[in-house]
Amino acid sequence: MSFIANTREQQNEMLRICGLSSIEELFNDIPKNLRPRSFSLPSGKSELEVLQILENYAAQNYSHLINFLGGGFYDHFIPSAVDAIASRSEFYTAYTPYQPELSQGTLQAMYEFQSDICRLTSMEVANASLYDGGTALYEACQMAIHATERPKVIVDGGVNPIYRKMLYSYTANLSIDFCEIPVSHGQSNREKVFASLDEKTAAVVLQNPNFFGVIDNHADIVEKCHSMGILIIQSVYPVAMALLKPPGEIGVDIATGEGQSLGIPLSFGGPYIGFMAATKKLVRKMPGRIVGRTIDKKEREGFVLTLQAREQHIRREKATSNICTNEALCALRVHAYLSLLGTQGLRDVANLCVNKALYAKARFKKVPGVKVMESSPTFNEFTLRLPMDAAEVAGKMIEHGFAPGFPLGRYYPGMENYLLVAVTEKRTRYEIGAFAETLEHVLRTTSSRAGLAEKGTA
Amino acid sequence: MTPDDRKFTKTHEWVKIDGALAMVGISDHAQDSLGDITFVELPSVGKKTAKGKACCVIESVKAASDIYAPLSGEIAAVNREVQSQPETINKDPYEKGWIFKIKDFSIAEFDDLMDSQSYEAFVRSEA
Amino acid sequence: MTIIFKKSINGRRGVVLPELDVPLANDIPQEYRRVAGLDLCELSELDVVRHFTDLSRKNFGVDTNFYPLGSCTMKYNPKVCEKIAQFEGFSALHPLLPQLRRGGMLTQGALAVIYELERLLCEITGMDAFTLQPMAGAHGELTGMMLIAAYHKNKGNKKNEVLIPDEAHGTNPSSAAIAGYTVRPVPTNTDTGMIDVAMLESMIGPQTAAIMMTNPNTLGIFNSRIEKISLLAHSFDALLYYDGANLNAILGKFRPGDAHFDVMHVNLHKTFATPHGGGGPGAGPVGVKKHLEEFLPISRVVKRSDSTYSLNYNYPKSIGYIAPFYGNFSVCLRAYAYILMLGAKGLTEVSENAVLNANYVMHSLKNHFHVPYVRTCMHECVISAKNQMLQGVSALDIAKFLIDMGFHPPTVYFPLIVKEALMIEPTETESKETLDLFIAAMKTIAEKTGKNPGEFHDAPITTPVGRLDEVKAARDMDCAFL
């Protein structure tokens, strides 16, 4: 099944117009010795057969576990209307809006998405999306380095370890110095961060809430850095922005983050969506597409891609970034989600998360051997210290139907007994209670000898 | 008409002596090719320039062009008017649309540049 | 159309969440809370659905119009792929699951899809290994450049430049530059429309890290001298990168891996029919030959002797993480389903019909528009409006006029080396009737240019807005409604 409409008759008619007698002649420029050595794929299947094959694969995945797993990617409720809106094929089968007159749907939606991001983060200007929160953070670092013409970036240890790994991967061949400062009692270590600032520093990268779920007010770090001409990049959890201090309120220069929590399914890792917002001063250094509002000759309001002179198709090797295709359909989903929930709805989501997390902490605290790390306030994610290897405990909890959280030892050596637990508005009182009971049972029935870490593949 | 009181580069900048300084802008041909100019990223005063090296950027809707310093020296002044009203360069590229002024340059480098007639011939040959 | 925020009514509610079922005990101290209230819109669900439905009707999509954008491959997106992407077994799967102990066993279906798609892409392209991590074509190019850099670093080579033909897509030089290389454009021979090999020979040297190419190139011409070019590159230990954007032309007819390319990317949202989404998401998987495999990003999916799949991070020379997880998984899922449906025969038919359709359009228009290279083209043809320009009608004017005739215009002003270029890529999923309608429209345009050039400058007039003031947009910079 190849979705080709033309019949053999029509093909022959077309060949005739081309002055050719066979389809093979169309490929005469490809010499015999450059033809494929092999092209053996399983034979083409019908739609019905493909559905069966993929249903079978889908059934082999444990997507039904009660999800307390976060780490930057959360199991939030997605209203049905988001799917309905994003399934309109005028949206998803459209291309990048380079011809604005016939893309006003996409363009206005992206303009509104940019507006959403600015309102959520209290920043002045946002772009129309990047691939994900990690590449957004990398692009922000590049912006800061170019804007300040300095080569050093300080990275707070509370920044998502996956994003930190990405930063180092992208910059392995570039002359950028990274300096990591571990957290202190869960929050940014001011003393050590300030001690690391110098005239070579372009930016300090922070995250709020950080990977441990801990929240902070970074205004003091912003002030100190600005006095030295250093920029602040803050990666934020967008749902939390409904309640917590947004980056614009404390003077952050570039805000980034992962938009998956705003109406994008977990989907085993992607597609997700990176958002980026900045001060107007930095707009020309921003990567990615930006939609602007303007008028036509009849003074009708319309939207266009603007500031394209920064982008790869014009500036080529001098472009601010190489990004072309972005996550437009995901941006549409985010905008639909935020519009459907609205101001009060998003506040409700955030409040439900906070309260349920507090309830969970209270329940888990009572489990013998478990300590809830509470030296600093958290949003909806927090750390448990277990009396044995967290990965072993997590494995047992899975057998009981829970995805119980993320064992921190994987990314933080020395923290093998710590488990990162996330609670969203989807988790019920009953589920939280069942988690506590199961945890107690698992801890009681697992001997600590069995908690020794296994090496190698997962 | 290409004014003959100044010199030109192969990258379409013009240079006119203004007292002890060299005033720099882009030619009428350049502003026409760029189209409506939307932004000028002015160099900072005090920045050192090297002949032939890019020192600032002019943006239009369809292009972002580097402006190459026609002379080595130091930026002495910049024209804020083109920053707040970039269309000035389109309307008046030779007078009000000047972009920056260089000091401490070599007169020999200036003499090396094309005069208005040679520049006109150069533009015709490129077309 | 009214901006959504202007439709807000204070106090109006949309989607409502369950009541709190645990004690209310919000303990976040004031110093961490926002001062200014959150200000999103306040609308009912119907308000929102109407708003987005109205917006959607202002768009052209493949499902509504012929979309012959050169270099974009706007082919039909099969609906079964959309259905599969929504299976809960995939859409609700948390990416951190396989990173838990024995977590691989929780995600066997997803790991299988990744592994099997990589194998299929290897067979289609002749490469030895693939990574699905890159989240777009440009991202794949950057990944490829990083792999090349890792290869050279591992060998102790000192290389700092990349050679790229001047007709290349803008992402090629920008990706190379972002990876830290100096870019040197190689001129295209204007007679043949192919990279100037003599110039390439004079430009290449021990400092060259790589040559980036696409074949067929952006002019739609297949370069059969690729062996000579690859020998030249490899003699300097420069690697050959293949931009797979034009893969739709050569499926089953040519494999870059067989032609000595070392590394390449494919665009799943082009050749493999995943939707463009209004600008994304896409996916740009990268394929490599054996000598680059050790540098691929981690994690990688491996198949164990008991036929189960698992994640392996044990690649000490890997370039690290390119994506947070395994790439744009649900985009890859759609491509996998598409390849299963087509099989070898189907994919070969794709290219045969894509190339036939493009040649049919070119031959039908060659007497009405200037065709810079009158020879068999591949999946896209480049024509020029330079003759129409003499009457004051540019490629842009033609594009806008086509909109009023119900067609999405072809790509215009690319490649840069052809004046007033129109790049037409019909794709294989378009029927002869649709092509005939397009051809008729273009012929009408050619006729009207001669008689009434003024008519073009006001186009389009049938769309919700006419030509927009892009200068005002750039100067005013109104990018958010706050």
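A polar contact is a pair of N or O atoms within 3.5 Å; within protein, one atom must be able to donate a hydrogen and the other to accept it, and residues adjacent in sequence count only if both atoms are side-chain atoms. By this rule, 2 residue pairs (both at pLDDT 80 or more) are in polar contact across the interface of chain C and chain B. On the side of chain C that touches chain B there are 2 nonpolar, no polar and 2 charged residues; Ala, Val, Leu, Ile, Met, Phe, Trp, Tyr, Cys and Pro count as nonpolar, Asp, Glu, Lys and Arg as charged, and the others, Gly among them, as polar.

The model is predicted, and local features need pLDDT of at least 70, side-chain atom pairs pLDDT 80 or more, while totals for chains, interfaces and linings use all residues. Residues are numbered from 1 along each chain as its sequence is written, chains are lettered from A and ligands numbered from 1 in the order in which they are written, and side-chain values use heavy atoms, with hydrogens and water left out.

At the same interface, 4 residues of chain C are in contact with 7 residues of chain B (heavy atoms within 4.5 Å). The buried area, meaning the accessible area (1.4 Å probe) that two parts lose on being put together, summed over both, is about 440 Å², and carbon and sulfur atoms give 63% of it.

A salt bridge is a side-chain nitrogen of Lys or Arg within 4 Å of a carboxyl oxygen of Asp or Glu. The whole structure has 54 of them over all chains, and 1 lies across the interface of chain C and chain B.

| Pair | Closest N to O |
|---|---|
| B:Glu87 and C:Arg475 | 3.5 Å |
| A:Glu249 and A:Lys245 | 3.3 Å |

A:Glu24 and C:Lys253 belong to a salt-bridge network with A:Arg35 and C:Glu352. A:Glu24 is partly exposed at 37% relative accessibility, whereas C:Lys253 is buried at 4% (buried is under 20% relative accessible area, exposed over 50%, partly exposed in between; 1.4 Å probe, protein chains only). In chain B, Arg6 is buried at 3% and Glu95 is partly exposed at 44%.

Chain A has a mean pLDDT of 94, with 97% of its residues at 70 or more; pLDDT is the predictor's confidence in each residue, from 0 to 100. Over residues 449–458 of chain A, pLDDT stays under 50. Where pLDDT is low, the predicted coordinates should not be read in detail.
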